[in-house]
Amino acid sequence: MKILLVCVHFHSSFGWSIERALLRAGHEVSVFDYRQNPFQRIRGLRRAYTSLRMPQRLLDAAKAFRPELVFLAKGEMVAGEVVARLKREFRCRVINWFPDPRPFHYSHISDQLGHLDLFFSKNITDLDRLNLLGLENGRFLLHCADRELHTGLETSETELQPYSCDLAFVGSYYPYRDMIVSQLLDFNIRIWGAGWSGSKAAKKRGAIVGREARSMEQTMVFRGATANLNTHHYDDIGSLNQRVFDIAGSGGCQIMDGYRKVEDVFSVPDEVELFHSAQELQDKVAKLIASPDRARKMGERTRTKTAAAHTYDHRIAEILNLVEKV
């Protein structure tokens with residue numbers, strides 16, 4: 001199938017992982033990066049490019065490639081009228097796999113919905129809202145891990161040594177995350193992500209790494225730590241975030257905030273741990289650190305299960321199977 005993938009594209013990005021899975025499945029793929037803006041640092045020109053020039057470039061790319069399927073990966077900058085033109089002018093199907101919370105926060109996404117053949121969300125409540133709008137094109141789709149970056153990546157003890165710690169956290173700074181993490185500063189914790197320099201956690205010397213963990217290095221962070229903390233975004237109500245599968249696919253031991261249906265995917269507590277209060281988090285982290293063999297086995301189980309059923313290759317197969325039916 002000829003697929004025009006409209007995404008944010010850089011090594012290890014959501015779009016990159018989708019492209020790699022599509023290519024492995026034997027499809028012909030052309031990538032259009034909708035955020036690649038030559039005027040990124042000039043505010044007025046940046047907006048003009050996004051609203052005027054970028055949509056025309058997307059239509060030009062479709063005209064040159066003549067896709068059978070346009071695959072939006074989030075695509076929050078693509079207007080609904082552009083989706084309508086793609087379908088009308090090129091007689092192709094258009095779908096959107098939206099990986100984040102709050103799709104209705106974006107006006108372009110709301111405008112797209114009536115034109116899309118399928119809209120994939122990790123959040124059941126999003127699909128309920130689509131039904132309230134009279135739309136039947138919503139489908140539930142879990143996140144997943146990357147075969148090259150996570151499940152299939154082999155690392156040595158020597159490579160993991162620089163990432164050794166009791167507890168690792170990977171994620172951007174939010175005040176509520178700082179409130180959670182700052183309760184764990186008695187442990188040997190390392191925090192990777194943007195915005196942490198002025199946080200409460202920064203008071204612990206050596207806790208803040210000072211950069212993001214991306215690509216293969218992220219996997220080494222997850223494997224090098226005895227345990228990994230995963231706190232969902234405050235708008236992720238009941239759903240599982242990308243980090244669940246990044247850690248699991250990497251073979252890292254994971255403890256995450258509860259109140260979500262993780263048991264549908266991983267066994268608790270044999271494969272992942274949940275916490276529902278600050279005291280429970282502290283107690284369970286302490287027990288995991290005191291039992292590194294148990295933590296390692298938890299990670300091994302989730303890596304095996306993720307490789308068997310929860311990679312981008314599995315999700316792409318699910319998506320394209322549904323596309324063939326619409």
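User: Why is Y259 called exposed?

Analyst: Y259 has a relative accessible area of 64%, and exposed means over 50%, buried under 20% and partly exposed in between, with a 1.4 Å probe and protein chains only as cover, so Y259 is exposed. This is a predicted model, in which local features need pLDDT of at least 70 and side-chain atom pairs count only at pLDDT 80 or more, while totals for chains, interfaces and linings use all residues. Residues are numbered from 1 along each chain as its sequence is written, and side-chain values use heavy atoms, with hydrogens and water left out.

User: What makes the backbone of Y259 worth a remark, and where is Y259 found?

Analyst: Phi of Y259 is near 65°, a positive value in a residue other than glycine, and Y259 is found in the loop between β10 (254-257) and β11, where strands are DSSP runs of E with at least two residues, helices are runs of H or I with at least four, and both are numbered from the N terminus. Most residues other than glycine have a negative phi, and most peptide bonds are trans. The loop between β10 and β11 (273-275) also holds P269, and a cis peptide bond, with omega about 5°, joins V268 and P269.

User: Why is R102 called partly exposed, while P101 is called buried?

Analyst: R102 has a relative accessibility of 42% and therefore counts as partly exposed, whereas the relative accessible area of P101 is 16%, so P101 is buried. P101 is found in the loop between β4 (93-98) and α4 (107-112), and R102 lies in the loop between β4 and α4. Phi of R102 is near 60°, again a positive value in a residue other than glycine.

User: Which residues does P101 touch, once those up to four places away in sequence are set aside?

Analyst: P101 touches K122, H233, D235 and D236, a contact meaning heavy atoms within 4.5 Å. The C-alpha atoms of P101 and N241 are separated by 8.9 Å, although the two residues are 140 residues apart along the chain.

User: How do you know that L229 is buried, and what surrounds it?

Analyst: L229 has 2% relative accessibility and so counts as buried, and its place is in strand β9. Leaving out residues up to four places away in sequence, L229 touches L167, A168, F169, I180, V181, L184, I255, F275 and L281. Of these, I255 is 26 residues away in sequence, with a C-alpha to C-alpha separation of 5.2 Å.

User: What makes α9 mostly covered?

Analyst: In α9, 9 of its 10 residues are buried, namely S215, E217, Q218, T219, M220, V221, F222, R223 and G224.

User: How do you know how much space lies in the largest pocket, and what lines it?

Analyst: About 1300 Å³ of space lies in the largest pocket, a volume being the space filled by probe spheres set on grid points joined across faces, edges and corners. A pocket is an open set of points on a 1 Å grid over the protein atoms alone where a 1.4 Å probe fits, with protein on both sides within 12 Å along at least five of seven lines, and lining residues have an atom within 4 Å of a point. The lining of the largest pocket has 44 residues, of which F14, D100, R214, Q242 and R243 lie nearest its centre. Two or more lining residues come from each of α1 (14-24), α6 (147-151), β7 (165-170), α9 (215-224) and α10 (242-250). By class, this lining divides into 16 nonpolar, 17 polar and 11 charged residues, where Ala, Val, Leu, Ile, Met, Phe, Trp, Tyr, Cys and Pro count as nonpolar, Asp, Glu, Lys and Arg as charged, and the others, Gly among them, as polar.

User: Which element gives the most to the lining of the second largest pocket?

Analyst: That element is α12, with 6 residues. The second largest pocket has a volume of about 520 Å³ and is lined by 22 residues, of which E157, L160, R223, G224 and R296 lie nearest its centre. The lining has 7 nonpolar, 9 polar and 6 charged residues.

User: Why is the protein called as compact as a globular protein of its length?

Analyst: The protein has 13 helices and 11 strands. Its radius of gyration is 21 Å, close to the 20 Å that the globule rule gives for 326 residues, so it is as compact as a globular protein of that length; the radius is taken over C-alpha atoms, and the rule is 2.2 Å times the number of residues to the power 0.38. Of the 326 residues, 51% count as buried.
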